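Please study the sequence and the structure before reading the solutions.

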Amino acid sequence: MNLYNPTYLQIKQLVSEDFNKLSKVINETLELISKESTILSAELSNYLNSSSKQLRSCLIFLFSQLLYKKTTSSIIKLAAAVELIHNATLIHDDIIDNADYRRGEKAIHKKFGNKLSIITGDYLLSLAIKLLTSTENPQIISNFSDCLNELCKGEINQYFSAKSTQSIEEYLKKTRAKTSSLFCAALKSLADLENNTHKKNLYNFATYFGTAFQIKDDLNNFTNENNKKPLYLDIENGNFPPPVIYAFGENKNLSEINTEEIIAKASQEKYLNKTKDLIKNQANTAQKILSNLPQNLYNEAIQNLCKNITK
């Protein structure tokens with residue numbers, strides 16, 4: 001994605017000290033796994049410390065500096081927990097989707113098998129809960145309980161709607177459950193740690209930013225041959241992005257239409273442009289919410305992240 005280019009890496013540099021602390025906490029947490037398997041621990045360390053990712057943590061750190069001009073140890077733990085949860089869901093998603101690769105490398109289930117990969121994802125979730133509990137803030141546990149509930153509901157929705165197009169409204173609802181919910185839990189919890197009055201603004205920002213981010217990711221998976229994900233995997237699994245919805249209409253069963261036909265019709269410029277407009281709508285709404293927050297270097301950096309999604 002456009003987020004993962006030098007511009008994004010420059011933005012990460014604004015909070016590089018926080019990322020160094022994050023890496024330390026993640027590696028210390030993974031030491032618990034190394035007692036059982038140094039091979040798996042090393043694999044997960046590389047998986048979680050990928051320098052081009054960690055967008056959710058980046059937002060936590062930028063908003064922390066924007067609002068508090070500091071990043072406490074509890075905020076670092078929050079970011080580490082978010083990374084563990086996010087990567088646990090990716091491990092599980094790759095099994096569900098039967099994906100061969102993740103971030104240009106063999107998916108973990110292709111290296112270790114489904115059984116160990118499922119257990120590993122569950123173990124990462126348990127480590128995340130342990131980190132969240134150590135913040136000694138009950139509201140944060142509630143936030144992430146709601147988040148995991150939404151993540152599961154999003155997957156259930158996707159399972160039962162496979163092979164049929166949803167309406168754009170249903171697609172957005174699923175996207176907010178599967179993707180935005182973790183952004184929301186992260187930023188709501190950041191506000192709860194410091195009893196900040198901007199909790200609603202952070203929640204609303206996370207909702208729209210997370211949705212725009214996922215639509216762009218879905219569009220890239222549909223159009224960008226340089227993307228590190230297997231091209232058209234979602235379509236082959238019967239999960240249709242907006243270009244397909246716009247091309248075929250809502251509530252249409254496409255199980256009898258082959259992937260090539262679906263792609264050919266949905267790849268028309270008018271359907272791709274409608275999808276880009278949908279991304280802009282979500283990203284611009286997120287950007288407008290930032291006007292309610294303090295205006296400084298970190299606010300500008302977050303605005304640039306919103307702009308990058310629309311490129």
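**Exercise 1.** At what angle do helix α8 (residues 138–161) and helix α9 (residues 168–193) pack, and how far apart are their axes?

*Solution.* The model is predicted, with local features needing pLDDT of at least 70 and side-chain atom pairs pLDDT 80 or more, while totals for chains, interfaces and linings use all residues. Residues are numbered from 1 along each chain, and side-chain values use heavy atoms, without hydrogens and water.

Step 1. Helices are DSSP runs of H or I with at least four residues, numbered from the N terminus. Axes are lines fitted to C-alpha atoms over the stretch in contact, and angles run from 0 to 180 degrees between N-to-C directions.

Step 2. The angle between α8 and α9 is about 175°, and the axes lie 7 Å apart. Therefore α8 is roughly antiparallel to α9, a term for angles over 145 degrees.

**Exercise 2.** Determine whether N308 is buried or exposed, and find a polar contact of its side chain.

*Solution.* Step 1. N308 lies in helix α15 (residues 297–309). Because its relative accessibility is 2%, N308 counts as buried (under 20% relative accessible area; exposed is over 50%, partly exposed in between, with a 1.4 Å probe and protein chains only).

Step 1. The side chain of N308 makes a polar contact with that of K311, at 3.1 Å (N or O atoms within 3.5 Å, one able to donate a hydrogen and the other to accept it).

**Exercise 3.** Classify D122 by its accessibility.

*Solution.* D122 belongs to helix α7 (residues 114–133). At 41% relative accessibility, D122 is partly exposed.

Notes
Helix = DSSP H or I, 4+ residues; strand = E, 2+ residues; numbered from the N terminus. Parallel < 35°, antiparallel > 145°, perpendicular 65-115°, else oblique.
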